[in-house]
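I opened my notebook and the model side by side. Here is what I looked up, entry by entry.

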Amino acid sequence: MISKSDILETIQMIDGQNLDVRTITCAINLCDCISDDVKRTCDKVYQKITSRAERLVEVGKELAAEYGIPIVNKRVSVTPIANIGASCRGYIQLARTLDRAAKTLGIDFIGGYSALVHKSMTEFEAEFLDTLPEALTVTDKVCASVNVASSKAGINMDAVRRLGEIILKTAYNTRGADGIGCAKLVVFCNSVEDNPFMAGAYSGFGEGDAV
């Protein structure tokens with residue numbers, strides 16, 4: 001049975017110690033959005049994100065009101081965009097589409113502008129990496145990540161070298177906003193398969209349609 005002291009302690013945690021739920025994240029699989037046409041891919045990505053996460057913010061507010069504990073951030077993560085855009089190569093358009101979807105939903109961040117290159121790097125992944133500075137400059141809510149190493153595969157030093165240059169360019173491009181582009185980019189070693197935490201969030205290939 002809940003005692004009076006338990007109730008008062010909970011109130012104190014919320015009121016005086018800022019107890020909250022830091023975030024809720026909806027992970028969305030975009031593999032069925034792949035096509036060789038940039039506009040078609042972007043349209044399908046936007047439609048799927050805005051439909052699958054349509055009530056994320058609303059439900060977050062309902063839960064916060066029901067339990068009396070604030071839910072600070074509402075976020076979405078998606079399948080790594082390096083793979084989703086491999087056929088159409090419209091990476092900047094996809095970044096803008098993710099940003100537009102995030103603003104339509106009213107969420108705080110959207111993650112998954114990502115690539116997994118810890119073993120090697122394909123031509124399309126190399127092209128994707130080159131878009132990171134621009135993508136993180138022209139968007140507000142898009143977060144990016146790159147996995148460049150793992151204990152099993154070792155370190156992809158070519159990717160590490162490229163990321164050093166990319167970080168410098170991203171910092172320069174967003175120098176007027178305190179280098180915010182770099183705060184939205186994570187370089188991983190041993191990235192977990194399904195990461196819900198920004199800025200490195202992405203939906204893993206083993207997940208379902210929406211989680």
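I call a residue buried when its relative accessible area is under 20%. The model is predicted, so I keep that in mind.

**Strand β3.** I checked residues 109-116 first. Six of the eight residues in strand β3 are buried, so the rest of the structure largely encloses this strand.

**Its neighbours.** I then looked at the pairing. Strand β2 (residues 71-78) runs parallel to β3, and three bridges join them. Here I found valine 76 opposite isoleucine 110 of β3. Strand β4 (residues 142-150) also runs parallel to β3, with six bridges between the two. One partner I noted: leucine 116 bridges to asparagine 147 in β4.

**The crossover.** I followed the chain from β3 through helix α6 (residues 123-138) to β4. Together they make a right-handed β-α-β unit.

**Helix α5.** I looked at residues 91-105 next. This helix has 15 residues and spans 21 Å from first C-alpha to last, close to the 21 Å expected. Its buried residues include Tyr91, Leu94, Leu98 and Leu105. Just after α5, I found glycine 106 with a positive phi of about 80°.

Arginine 89 has phi near 60°. I placed it in the loop between α4 and α5. At 31% relative accessibility, arginine 89 is partly exposed. Aspartate 178 also has phi near 60°. I found aspartate 178 in the loop between α7 and α8. Its relative accessible area is 78%, so aspartate 178 counts as exposed.

**A cis bond.** Last, I saw that a cis peptide bond joins methionine 198 and alanine 199, with omega about 10°. Alanine 199 lies in the segment after β6.

Methods. Residues are numbered from 1 along each chain as its sequence is written. This is a predicted model: local features need pLDDT of at least 70, side-chain atom pairs count only at pLDDT 80 or more; totals for chains, interfaces and linings use all residues. Side-chain values use heavy atoms; hydrogens and water are left out. Buried means under 20% relative accessible area, exposed over 50%, partly exposed in between (1.4 Å probe, protein chains only). Helices (H or I, at least four residues) and strands (E, at least two) are DSSP runs, numbered from the N terminus. Two strands pair if DSSP finds at least two bridges between them. A crossover is right-handed if, with the strands pointing away from the viewer, the path from the first strand over the helix to the second runs clockwise. The expected span of a helix is 1.5 Å times one less than its number of residues.
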